[in-house]
Amino acid sequence: MTLAVVLESDTTAALVDPQARRARFWSPRRVATPIVVAVVLLALYLWVANMTLDSIMQRTLNWDYILLRTREHLVLTFVASALVAVLAIPAGIVASRTRSRVLRGAILTIANIGQATPAIGFIILLAIIWQIGFQTALIALVAYSFLPVLRNTMVGLSQIDAHVTESARGMGMTPNQVLLRIELPLAVPVILAGLRTSLVFCVGVATVATFINAGGLGDMIVNGLKLQRFPVLIAGAVIVSCIALLIDWLASIAEDVLRPKGV
Amino acid sequence: MTGFDLSGLLAFWAKRHDDILSLIGEHLLVVAIALLLATIVGVGVGLLVWNRPVGRSLAVTSAAVVLTIPSLALLAAMIPLFGLGWTPTLIGLTLYSLLPIIRNTVVGLREVSPAIMESAKGMGMSPPTVLLRIQLPMAWPVIVTGVRVAAQLTIGIAAIGAYVGGPGLGQMIFQGLSSLGSKNALNFALTGTLGVIVLALIVDGLFTIITKYTTSKGLRA
């Protein structure tokens with residue numbers, strides 16, 4: 001009880017009354033995103049449905065093809081993100097536990113260089129030295145999102161006010177209890193923000209997976225371009241953009257729902 | 001499966017250094033032009049909306065939506081309008097740069113302490129003068145940080161621009177892909193990728209200097 005008070009007085013969020021919190025939850029953007037996506041997809045459908053398609057366009061602008069590519073895209077995105085969550089968050093916790101400043105500095109430096117690496121270069125390099133296909137794309141996605149999530153976990157844990165962990169220890173908590181009951185809940189917003197970024201990012205990188213024969217909606221874009229069928233290209237680009245917006249929207253809701261109440 | 005051969009890579013660099021250097025130059029140029037355009041537009045929009053809640057959230061939200069769109073999709077969707085080449089890359093990079101620049105401009109302008117603005121007003125300055133002569137210089141370091149973030153972002157995205165006929169090191173990466181199986185495939189892709197990383201790190205360093213010399217003298221630490 002005492003601890004909860006200490007924590008709440010430390011965060012400004014505690015000062016927001018429930019009504020204001022609800023108003024913030026249903027922000028204009030929160031409400032508008034699904035509506036805009038639905039309108040855009042409906043417009044795309046009407047545009048394509050009222051178009052006379054030649055045989056080349058018919059091969060890609062049909063439900064079976066589009067649903068197959070969408071499924072490939074979503075599988076790639078979610079499997080990669082789930083693997084990243086399972087691997088990078090524990091790694092981040094371990095890395096932030098370490099006493100060695102050198103190791104921590106090295107991880108942050110590598111994470112920064114990793115961010116400067118172009119996704120397209122990384123995925124193509126991996127395809128050249130290993131093989132093309134779905135597995136390569138998956139590994140590239142995981143390796144690429146691993147460092148940002150790990151770094152966010154470390155940053156989230158390190159930015160916690162030392163007074164808070166100290167009072168927790170003063171109350172007789174063991175280091176593990178401090179980690180699980182104090183530090184991790186306080187770091188959740190930062191960790192979730194990292195996961196959200198990596199999720200949206202995975203949708204984007206999964207688009208270029210088409211270059212190494214890993215399927216996904218990038219196929220539609222590239223086919224449309226190669227065969228000079230712009231409706232195919234536009235349909236692929238619009239659908240993948242809508243997926244990115246929807247996933248970002250879902251992740252933002254998850255962020256709000258999963259955030260511990262006091263934070 | 002292609003093995004790595006350092007002497008082969010060095011020979012590759014020795015033979016093609018002209019190509020590599022001109023691609024690096026193109027890459028820098030397209031990023032620099034996009035950043036310049038985005039800075040003009042982004043700071044302009046920021047100056048217009050910083051004090052208007054509706055306009056502010058509209059500007060930041062639309063820029064955030066653009067950033068959510070996968071880069072291949074945005075770049076490819078512009079081909080029917082602008083054709084292949086520099087134009088779609090340039091426009092795409094400019095659009096992607098807007099979010100960090102607008103957001104940082106708005107944050108920077110709003111962070112100026114009300115006491116300072118009050119004293120400027122007391123000295124007889126009109127609101128536009130306060131905005132341009134007091135707030136903008138004080139917000140400048142924050143704005144440059146936004147441009148710096150945009151630079152990191154666009155240097156990477158520009159590599160994908162090569163697919164829509166854009167300039168720069170992405171051409172080497174895609175050449176590596178299209179020569180998959182040949183002995184130079186790895187050299188092409190590795191040169192392109194390393195080039196982008198080095199470029200990103202150098203530009204990041206440059207921004208430290210840019211921030212220092214474009215910040216108003218009174219604010220320099």
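This is a predicted model: local features need pLDDT of at least 70, side-chain atom pairs count only at pLDDT 80 or more; totals for chains, interfaces and linings use all residues.
Local features are given where pLDDT is at least 70, side-chain atom pairs count only at pLDDT 80 or more, and totals for chains, interfaces and linings use all residues. Residues are numbered from 1 along each chain as its sequence is written, while chains are lettered from A and ligands numbered from 1 in the order in which they are written.

## The two chains

Chain A has 12 helices and zero strands. Helices (H or I, at least four residues) and strands (E, at least two) are DSSP runs, numbered from the N terminus. Read along the sequence, the pattern of chain A is α-α-α-α-α-α-α-α-α-α-α-α. The C-alpha atoms of chain A fill a box of roughly 75 × 50 × 25 Å along the principal axes.

Of the 263 residues of chain A, 37% count as buried. A residue is buried if 20 or more other C-beta atoms lie within 10 Å of its own, exposed if 12 or fewer, and partly exposed in between, with C-beta atoms placed from the backbone. Contacts are pairs of residues whose C-beta atoms, placed from the backbone, lie within 7 Å. Among contacts in chain A between residues at least 6 apart in sequence, 79% join residues at least 24 apart.

Chain B contains nine helices and zero strands, in the order α-α-α-α-α-α-α-α-α from the N terminus on. The C-alpha trace of chain B spans about 70 × 40 × 25 Å along its principal axes. Buried residues make up 44% of the 221 residues in chain B. For contacts in chain B between residues at least 6 apart in sequence, 74% join residues at least 24 apart.

## Annotated transmembrane regions

UniProt, in an unreviewed entry, lists the feature "transmembrane region" at residues 31–53, 73–94, 106–126, 132–150, 186–212 and 232–251 of chain A. For chain B, UniProt (unreviewed entry) places the feature "transmembrane region" at residues 28–50, 57–79, 85–102, 142–165 and 185–210. These positions are given in the numbering used here, feature names are shortened, and annotations may be inferred rather than shown by experiment. Some of these spans are set out below.

| Span | Distance between end C-alpha atoms | Helix and strand content |
|---|---|---|
| Chain A, residues 73–94 | 32 Å | 100% helix, 0% strand |
| Chain A, residues 106–126 | 23 Å | 90% helix, 0% strand |
| Chain B, residues 57–79 | 30 Å | 87% helix, 0% strand |
| Chain B, residues 185–210 | 37 Å | 100% helix, 0% strand |

## Contact between the chains

The contact takes 32 residues from chain A and 32 residues from chain B. On the side of chain A that touches chain B, the elements giving two or more residues are α6 (101–116), α7 (119–129), α10 (175–208), α11 (218–226) and α12 (230–258) of chain A. The most comes from α12(A), with nine residues. By class, this side of chain A has 23 nonpolar, seven polar and two charged residues. Here Ala, Val, Leu, Ile, Met, Phe, Trp, Tyr, Cys and Pro count as nonpolar, Asp, Glu, Lys and Arg as charged, and the others, Gly among them, as polar.

## Helix packing in chain B

Helix α1 (residues 6–49) and helix α9 (residues 185–214) of chain B pack at an angle of about 50°, with their axes 10 Å apart. Axes are lines fitted to C-alpha atoms, for helices over the stretch in contact, and angles run from 0 to 180 degrees between N-to-C directions. The angle therefore makes α1(B) oblique to α9(B); angles under 35 degrees count as roughly parallel, over 145 as roughly antiparallel, 65 to 115 as roughly perpendicular and the rest as oblique. The crossing of α1(B) and α9(B) is right-handed. A crossing is right-handed if the near helix is turned clockwise from the far one by less than a right angle, and left-handed if anticlockwise. Among the residues making the contact are B:Phe12 and B:Trp13 of α1(B) and B:Asn187 and B:Leu190 of α9(B). By class, this contact has eight nonpolar, five polar and no charged residues.

Helix α2 (residues 53–68) and helix α5 (residues 86–111) of chain B pack at an angle of about 150°, with their axes 8 Å apart. α2(B) passes α5(B) in a left-handed crossing. The residues in contact include B:Arg56 and B:Val60 of α2(B) and B:Leu99 and B:Arg103 of α5(B). The classes in this contact are 12 nonpolar, no polar and two charged residues.

B:Arg103, in helix α5 of chain B, is buried because 20 other C-beta atoms lie within 10 Å. Leaving aside neighbours within four places in sequence, B:Arg103 is in contact with B:Val60 and B:Gly146. B:Arg103 and B:Glu26 are 77 residues apart in sequence and 28 Å apart in space, C-alpha to C-alpha.

Note on methods:
Two residues are in contact if their C-beta atoms, placed from the backbone, lie within 7 Å.
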